[in-house]
Amino acid sequence: MYFCALSYALLYIFNREKEKEIISNSPPNIILIFADDMGYGDIQSYNSASQIPTPNLNNLAKDGMRFDDAHSNSSVCSPSRYGILTGRYAWRTHLKSSVLSEPDNNKPLIRPDRLTLADMLKNFNYQTAAIGKWHLGIEWKNNEEGMADYSQPFLTGPNDVGFDYSFIIPVSLDMIPYAYYKNHKPIKEVTDKHPFRKFPRYIREGPMAKDFYHEKVLDNFTEKALDYIQEQSKYPPPFFLYFALTAPHKPVWPAERFQGSTTKGPYADFIVQIDWTVGQILQALERNQIDKNTLVIFTSDNGSFMLRVSADQEYPFEKAESRESFYSRHVGKSQKDHAADSEVHGYHQHIHDANYIWRGTKGDIWEGGHRVPFIVRWPGIIEGGTMSKQTISITDIMATLADIMGYSLNEDEGKDSFSFLPLLLGDVSKITRAPVIHHSSRGMFAIREGKWKMIFGNGSGGRQIPEGQPWEKPYHLFNLEIDPSETTNVIDQYPEVAKYLSERLDKIRMGKSSK
């Protein structure tokens with residue numbers, strides 16, 4: 001038995017060193033596809049009961065590794081975007097809750113001296129590009145009234161944090177300004193104004209560029225991404241493409257050719273368009289003969305905003321609010337779902353479960369707020385059709401890519417990032433990382449280690465009832481191994497576990513992340 005174990009270990013070490021040699025001789029192109037508000041249950045390879053077709057994402061999982069216990073570092077988008085690009089939790093910045101909005105959009109969240117994925121990869125001769133939604137703060141020029149002038153090039157943005165090329169919208173597609181910016185310069189003058197629209201095509205009233213059409217944005221970004229891939233495939237240096245989708249975030253407005261492509265409403269049609277978009281990227285890699293040397297990562301910034309509409313909820317309502325009041329606030333008294341009425345923010349569970357079995361939605365500290373799809377494909381390196389149950393965070397991408405490049409992160413770089421490269425190379429043993437920290441839209445913390453998850457607040461910390469408050473008791477402790485839907489608080493039964501996790505959270509919050 002000892003000889004077999006030793007032989008296996010030596011073989012693994014040999015294979016890993018061989019693979020590292022291959023990587024160093026031919027570093028891969030890297031494409032990071034970051035969906036906006038796409039739930040764990042929106043992909044059929046994660047949710048076999050889903051009736052929304054996602055063949056391209058299914059094939060991506062079939063050809064790569066699917067992570068079943070991956071998490072965004074926040075349950076809303078600005079902090080998640082900070083986390084994925086810097087390998088740090090966003091609550092270490094001035095953003096302690098919610099997302100960037102006016103006037104905070106004038107304050108870039110990433111410091112100019114903060115290492116980003118793009119900065120790191122440029123050290124290895126990578127060409128770098130950011131295409132899609134930014135929402136990490138932009139420093140605008142002001143007009144004579146002291147207000148942001150959206151028709152002028154902005155002062156700081158993606159090109160100041162490592163990206164050679166950028167083609168973006170500044171914030172979410174429902175937030176002003178509605179305009180494209182290429183390398184910090186507006187494509188068109190921002191002289192029009194878009195009126196308010198309600199869900200599903202929810203759009204805030206505000207300034208808009210000429211000829212800007214919300215339903216064409218995802219297609220336009222896809223076209224830019226395809227052009228970039230084709231152009232970069234002509235040259236020897238590898239490239240890093242951060243492709244931040246604008247969907248299925250509100251406005252839920254798929255391109256015209258996808259409208260009605262399902263019988264489940266515009267949200268489902270939008271999922272179909274996202275899948276098509278991923279397919280276009282994968283086809284472009286194959287068409288340009290660079291698919292064998294391209295590492296593709298697909299994930300989401302948080303869970304879906306779509307609620308469950310059901311007469312029988314998975315967990316009880318608090319006595320403080322009746323079921324009727326809840327529906328009135330969130331999905332309407334009719335109890336119709338999105339498939340029957342597109343204005344409803346939710347599905348009957350037998351129709352579609354955007355966040356799968358996980359409790360809660362976008363914004364919440366519950367699993368549905370931050371447990372996200374996470375798929376990695378790397379032909380010849382990652383064995384296809386594999387799956388990992390290791391708990392990881394999207395912040396771990398920084399340390400993983402650093403490991404691939406042979407780059408040693410210093411103490412202040414990627415502080416909350418831990419490499420999962422051994423998993424990609426076939427080591428099924430658990431990686432060494434600190435507990436994963438979760439954070440909600442209202443600034444509520446949770447910590448996850450192994451089967452245990454502890455929430456430091458008395459509610460969802462987001463949208464679900466009761467919303468609760470951070471640091472107000474009763475706190476919640478769940479054993480996710482036997483209670484994945486977080487139905488039973490066992491904090492009174494396991495005080496020693498609660499004490500241990502409290503100490504671990506304090507250590508990580510107040511210092512560095514146990515590296």
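Student: In what order do the four strands of the open sheet run?

Tutor: Keep in mind that this is a predicted model. The four strands pair in the antiparallel sense and leave the sheet open. On average, neighbouring strands are turned by 20° against each other, direction ignored. Reading across, the order is S16-S17-S18-S19.

Student: Which strands stand at the edges, and why is one side of each left without a neighbour in the sheet?

Tutor: Look at the partner count: an edge strand here has a single partner strand, so one of its sides has no neighbour in the sheet. That picks out S16 (436–439) and S19 (476–479).

Student: Which residue stands opposite Ala446?

Tutor: Start with the pairing of S17 (residues 445–449) and S18 (residues 452–455), antiparallel over four bridges. Ala446 faces a residue in S18, and that residue is Ile455.

Student: At what angle to S17 does helix H11 run?

Tutor: H11 covers residues 495–510 and lies across S16, S17, S18 and S19. Relative to S17, its direction is about 110°.

Student: Which strand gives the most to the lining of the largest pocket?

Tutor: That pocket holds about 980 Å³ of space, and Asp69 and Ser388 are among the residues closest to its centre. S2 (65–71), S14 (386–388), helix H10 (421–424) and S17 each supply at least two lining residues. With four residues, the top contributor is S2.

Student: How many charged residues are in the lining of the second largest pocket?

Tutor: This pocket has a volume of about 460 Å³, and 21 residues line it, with Arg204, Lys250 and Lys362 among the closest to its centre. Six of the lining residues are nonpolar and eight polar, and the charged ones number seven.

Technical notes
Residues numbered from 1 in each chain as written. Predicted model: local features only at pLDDT ≥ 70, side-chain atom pairs only at ≥ 80, totals over all residues. Heavy atoms only, no water. Pairing = 2+ DSSP bridges. Axes fitted to C-alpha atoms, helices over the stretch in contact; angles between N-to-C directions. Contact = heavy atoms within 4.5 Å. 1 Å grid on protein atoms, 1.4 Å probe; cavity = no way out; pocket = protein on both sides within 12 Å on 5 of 7 lines; lining within 4 Å. Points joined across faces, edges and corners; volume = space filled by probe spheres on them. Nonpolar A, V, L, I, M, F, W, Y, C, P; charged D, E, K, R; others polar.
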